[in-house]
Amino acid sequence: AVTNAAFDVSNKLYGLKYVKRDDIKAYHKDVNVYEVRRGDEDELVAIFLHDNFSRAHKSSGAWMSEYRTQTKNLPAGADPIEGIPIVSNNNNFAKGSGATLLSSDDSTTLFHEFGHGHHGMLSDATYEYLASTSVLKDFVELPSQLMEHWFEEPVVLKEHAKHYKTGEVVPDELLARLKAASLFNEGFATVEYTACALLDMAVHSLSEYGEDFDLSAFEKKYLAEIGMPQGIVMRHRPAHFAHLFASSSYASGYYVYQWAQVLDNDVFAAFQETGDVFDAATAERCRRFIYSAGNTVAPQDLFKAFRGRDPDTSFFLKNKGMA
């Protein structure tokens with residue numbers, strides 16, 4: 001049901017249709033393969049692989065990857081299909097013996113990765129190097145976190161959140177409780193995250209590390225300097241902060257998830273302001289400036305092209321219950 005909900009949202013927003021191809025053999029029997037088509041002419045825009053279940057030897061976590069990135073830069077005489085992206089979403093849900101039931105958090109994860117998937121499937125760049133998710137880290141989490149908003153929409157839940165045995169639609173009372181619970185501990189979560197992001201930038205701002213450098217001591221001193229509340233600890237302590245120190249990819253860039261929340265809340269507000277979260281004109285602007293442009297235009301210019309102004313933090317604060 002959650003996958004169907006994601007496909008339905010994708011169709012209503014961007015006109016994408018998912019045609020399951022059981023005849024295409026994937027690398028594991030649990031992986032579903034889809035042709036992704038768009039428009040009245042059923043134009044093929046992507047091949048999508050949905051690998052949802054955990055299994056032995058599979059990497060943990062959830063991620064989007066590409067076996068082929070969209071491009072128009074093909075040699076003369078090449079089959080145009082060589083420029084069609086092959087995109088996969090990978091999750092680690094526990095597979096049920098019958099129906100597989102997902103928690104609200106797991107469902108949000110599925111929508112999140114599906115947002116990354118759209119960044120690849122809707123890409124419309126000439127060069128592979130500038131296509132899809134090849135954008136600055138400041139921007140790459142916007143398409144994924146933006147998609148999460150539709151899972152929380154009552155109009156989506158009323159259509160797809162049904163009891164797996166009786167078919168009963170999720171009651172309004174339960175939706176209200178879910179909405180209220182979404183703000184629980186937001187102050188705590190925001191502080192613990194922000195502390196990690198600030199410490200990350202502070203560590204990577206050091207020009208030299210002496211042989212006797214003590215990371216734990218640096219952490220303690222820095223948190224005291226920024227006035228870290230005594231009752232809150234960092235979400236990730238430096239010794240196991242693999243997101244930052246395992247590679248250079250996110251080094252000094254942990255802040256991007258929170259910055260993306262500023263952007264995604266602002267972008268979703270544009271849909272809400274129309275009175276229809278599936279407004280066609282807004283969705284087309286979103287496709288063009290958020291999902292399709294890749295790194296062909298500077299991210300701040302793409303945001304301005306979509307919203308007509310710079311980002312506004314008020315939507316972020318409001319949706320966290322802080323304003």
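Biologist: What makes arginine 237 and glutamate 219 a salt bridge?

Modeller: In this predicted model, their side chains meet at 2.6 Å, N to O. The cut-off is within 4 Å, so the pair counts. The pair links distant parts of the chain. Glutamate 219 sits in helix H8, and arginine 237 lies in the loop between helix H8 and helix H9, 18 residues apart.

Biologist: Why is glutamate 219 called buried?

Modeller: Its relative accessibility is 5%. Buried means under 20%, so glutamate 219 counts as buried.

Biologist: And why is arginine 237 called partly exposed?

Modeller: Arginine 237 has a relative accessible area of 42%.

Biologist: What makes lysine 12 and aspartate 8 a salt bridge?

Modeller: The N to O distance is 3.1 Å. That is within 4 Å, so the pair counts. Both residues belong to helix H1, four residues apart, so about one helical turn separates them.

Biologist: Is aspartate 8 buried or exposed?

Modeller: Buried: its relative accessible area is 18%, and the limit is under 20%. Lysine 12, at 36%, is partly exposed.

Biologist: How do you know that lysine 58 forms a salt bridge with aspartate 51?

Modeller: Their closest N and O atoms are 3.0 Å apart. The limit is 4 Å, so the pair qualifies. Lysine 58 and aspartate 51 are both buried.

Biologist: Which residues are linked in a network of salt bridges?

Modeller: Arg21, Asp23, Glu35 and Arg37. A search of the whole structure finds 25 salt bridges.

Note on methods: Residues numbered from 1 in each chain as written. Predicted model: local features only at pLDDT ≥ 70, side-chain atom pairs only at ≥ 80, totals over all residues. Heavy atoms only, no water. Helix = DSSP H or I, 4+ residues; strand = E, 2+ residues; numbered from the N terminus. Buried < 20%, exposed > 50% of the residue type's maximum accessible area, 1.4 Å probe, protein only.
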